[in-house]
Amino acid sequence: MTLIEEIAALLKARGETIAVSESSTGGLISAALLSVGGASAYYRGGAIVYTPKARAALMGVTKDEMGEMRSASEPYARFMARTVRERMASTWGLAETGATGPSGNAYGDAAGHCCLALSGPVDMSLVIETGHGDRAANMAAFRDAALKLLLEALKS
């Protein structure tokens, strides 16, 4: 059984749902979750929140709610995981934010920096640094790390 098949089986067996807020993965996490037949049983929806304008329009997050929090940070990933879970009325909310490359972001994070968070029956977060600027490889690594974090939470 593949990683995504195991995630799908666990979510279905438990009657749980997931919603996703992605940034630098550009939808790869959602695509993976949707790649298993019957995904409508557990996948509530997702948003690619790549810009402040998308964050406001898709997630309803105002500047006041952001406060001093910055994108591509662990607190922001936790906030977005909780927000997407609440907005989509799902069991789980999964959020990803980072800098895929080839260069870093405006906040000073190097390419390969990613913050992941999960909100639900178990709250978890993780920061990864790949140490390189290969954009496509970083997008895949961030997706894979997010799915592994979800599986870890489902098994805990």
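Ser24 sits in the loop between β1 and α2 (28-34). Helices here are DSSP runs of H or I with at least four residues, strands are runs of E with at least two, and both are numbered from the N terminus. This is a predicted model: local features need pLDDT of at least 70, side-chain atom pairs count only at pLDDT 80 or more, and totals for chains, interfaces and linings use all residues. Residues are numbered from 1 along each chain as its sequence is written, and side-chain values use heavy atoms, with hydrogens and water left out.

Start with the surroundings of Ser24. Its relative accessibility is 5%, and Ser24 counts as buried. Buried means under 20% relative accessible area, exposed means over 50%, and partly exposed lies in between (1.4 Å probe, protein chains only). The side chain of Ser24 makes a polar contact with the side chain of Glu96, at 2.3 Å. A polar contact is a pair of N or O atoms within 3.5 Å; within protein, one must be able to donate a hydrogen and the other to accept it, and residues adjacent in sequence count only if both atoms are side-chain atoms. Leaving aside residues up to four places away in sequence, Ser24 also touches Tyr50, Thr97, Gly98, Ala99, Thr100, Met139 and Phe142. Contact means heavy atoms within 4.5 Å.

Now turn to helix α3, residues 52-59. Its buried residues are Ala54, Arg55 and Met59. Seen down the axis of α3, they fall within an arc of 105°, so they line one face of the helix. The arc is that of the directions from the helix axis to the C-beta atoms. Pro52, Lys53 and Ala57 are exposed on the other side of α3. What do the buried residues of α3 pack against? Their partners are β1 (18-22), β2 (43-48), α4 (63-66) and α5 (74-87). Just after α3, Gly60 takes a positive phi of about 70°.

Two alanines also have positive phi. Ala72 has a value of about 60°, although it is not a glycine. Ala72 is found in the loop between α4 and α5. Is Ala72 buried or exposed? Ala72 is buried, with a relative accessible area of 3%. Ala89 has a positive phi of about 50°, and it is not a glycine either. Ala89 lies in the loop between α5 and β3. Ala89 is exposed, at 54% relative accessible area.

The bond from Gly101 to Pro102 is cis, with omega near 15°. Pro102 lies in the loop between β3 (92-99) and β4 (113-119).
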